[in-house]
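Please keep the sequence and the structure in view while reading.

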Amino acid sequence: MYAFWLWREFKLSLWEIHQLFPKVEIEYADKSICIVNTQDKDLILSQLPRIWGTIKVMELIPWYRWKPELSILDFAQKHEGKYAYWLSVFGWEKNLKSILIETKKTLKAKWISSRFVNKDFKSLSSAQIIGENLVTKSSDFNIIIADDIEYFARTIWVQDIEAYGKRDYGKTRDMQVGMLPPKLSQMMINISEWNKVYDPFCGLWTILIESILMGNAEVYWSDISAENIEKTKKNISYARREFDNNLKTSMTQILDAKWISSSPFLKKSDVIVTEGYLGQVFTKKTVSKTAIADEKKLLLDIYTKFFEWLKRSNYSWVIVICFPFWEVLWIYNYFDEVYEVIKKYAKNLPILPPHDDFKHTKSWSLLYKRPDQVVGREIFKLKIKK
Ligand SMILES: C[S@@+](CC[C@H](N)C(=O)[O-])C[C@H]1O[C@@H](n2cnc3c(N)ncnc32)[C@H](O)[C@@H]1O
């Protein structure tokens, strides 16, 4: 069995795990941990380069007998030289301090010189785990308490958060357009399950750049703004130059997505993944219910035509798309009007694995919002009705 330490937006993480391992049963899930029931380590390892909503992956040790110090001793005995290890606890707080002290005593009794890396008896961040090289040394350990069952696990993979820094460096930035967080883009691509991505509201290309970094060979993109198309071209050159990639086809044109049926890319691509247009960028000072109502009218016009013409084009591939919602005085205002459009032209595809505790929103979507931003993203996986 394997456990995944989930990202802050844990429902999106669960969605991604379910998508990447559709045949694997989810044994347990809460807001931070998901345990899957498989012995197929090769399968788990094969998908890890694609996974973004997981902080680390742990292999559960079957012979654990509720004595973490003895399990750590098993590993330490196979090690040469001073043994550095790390222990984290998930679930209700065990007394980490006493476990660490007990472990040190147990190792010492067997003449093993050791050091626990935990500072102030706290759990580690993934950057620290990478810094200390603990995964390669097989010495990042975890106690996981799930539904009153205690598991012991060894970390086999950690997300390289540092790599995200490189994503933004050198890219043409424009705060007015707003950037989709790379992690969310990657997860939306994973959720779409397909490879030849078309983004008809490409903005500055976050979806496409991530699609290329994930090894996809074809990308298609359009936007109403000639200026953004030009900036995006620069970003493509940047990606081609700076990152390993298999990109063979990259095609673009200026296009108002209201008239999506005239896009040649509907036939060339095999999925639409897009953030969509979220409307004007509001701040806490400029947002109000009236301003949102006006913005919704503009957006509704775009999306009504967008879906109507997809339907008329008999578009049959999956669409993964975000719509905006806005926080005004601590209350979320949803884009209810667009739900009617979706209902008329499309059907929702389920995105979460079947699980009693975790539900989609009423509109079968998942939400993503940074606490400091007014606008959030409501993410849907859709298919046009026949
Ligand atoms: C929120 S941005 C997308 C940002 C992009 N996901 C990124 O991370 O760079 C929305 C984009 O939609 C474009 N847009 C607005 N209305 C449009 C329309 N009717 N048709 C096509 N593109 C449109 C804007 O020019 C803008 O580039």
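W63 lies in the loop between β4 (54-60) and α3. The model is a predicted one. Along the chain, W63 and Y151 are 88 residues apart, yet their C-alpha atoms are separated by 9.8 Å.

## The open sheet

The model contains an open sheet of 8 strands with mixed pairing, in the order β2-β3-β1-β4-β8-β7-β5-β6. Each of the edge strands, β2 (25-29) and β6 (114-116), has a single partner strand, so one side of each is left without a neighbour in the sheet. On average, neighbouring strands of this sheet are turned by 30° against each other, direction ignored. Strands of a sheet pair through backbone hydrogen bonds, and the pairing is either parallel or antiparallel.

Parallel pairing is found between strand β5 (residues 83-90) and strand β7 (residues 140-146), which share 5 bridges. Within this pair, W86 has D140 of β7 as its bridge partner.

## Strand β3 and its two partners

Of the 5 residues of strand β3 (residues 33-37), 4 are buried, so the strand is largely enclosed by the rest of the structure. Strand β1 (residues 2-6) pairs with β3 in the antiparallel sense over 4 bridges, and the bridge partner of W5 in β3 is I33. The pairing of β2 with β3 is antiparallel and comprises 4 bridges. Here I26 has V36 of β3 as its bridge partner. A hairpin through 3 residues joins β2 to β3.

Y28 belongs to strand β2. With 17 C-beta neighbours inside 10 Å, Y28 counts as partly exposed. Leaving aside residues up to four places away in sequence, Y28 touches I35, A146 and D147. Y28 and W52 are 24 residues apart in sequence, and 20 Å separate their C-alpha atoms in space.

## Helices across the sheet

Two helices lie across strands of the sheet. Helix α3 (residues 68-76) lies across β5, β6, β7 and β8 (149-158), and runs at about 145° to β5. Helix α4 (residues 96-109) lies across β5 and β6, at about 150° to β5.

The loop between α4 and β6 holds W111. Although W111 is not a glycine, its phi is positive, near 65°. W111 is exposed, with 6 other C-beta atoms within 10 Å.

## A buried tryptophan and a buried helix

Is W205 buried or exposed? W205 is buried, since 30 other C-beta atoms lie within 10 Å. W205 is placed in the loop between β9 (197-199) and α8 (206-213), and has a positive phi of about 85° although it is not a glycine.

Helix α7 (residues 182-192) has 11 residues, of which 10 are buried, so the helix is largely enclosed by the rest of the structure. Among the buried residues of α7 are K183, L184, M187, I189 and I191. Just after α7, E193 takes a positive phi of about 70°.

## Helix α11

Helix α11 (residues 289-312) has 24 residues. From its first C-alpha to its last, α11 reaches 34 Å, close to the 34 Å expected at 1.5 Å a residue. Which residues of α11 are buried? They are I292, K296, L299, Y303, F306, F307 and L310. An α-helix has 3.6 residues a turn, so residues three or four places apart point the same way.

The elements that cover the buried residues of α11 include β13 (318-328), β14 (331-333), α12 (336-345), β15 (346-348) and β17 (375-384). Just after α11, N314 takes a positive phi of about 55°.

## The ligand shell

How many residues surround the ligand? There are 21, and the closest are G203, L204, T206, A257 and E275. By class, the shell around the ligand has 12 nonpolar, 5 polar and 4 charged residues.

Technical notes. Residues numbered from 1 in each chain as written. Predicted model: local features only at pLDDT ≥ 70, side-chain atom pairs only at ≥ 80, totals over all residues. Expected span 1.5 Å × (residues − 1). Buried ≥ 20, exposed ≤ 12 C-beta atoms within 10 Å, placed from the backbone. Contact = placed C-beta atoms within 7 Å. Near = placed C-beta within 6 Å. Nonpolar A, V, L, I, M, F, W, Y, C, P; charged D, E, K, R; others polar. Pairing = 2+ DSSP bridges. Axes fitted to C-alpha atoms, helices over the stretch in contact; angles between N-to-C directions.
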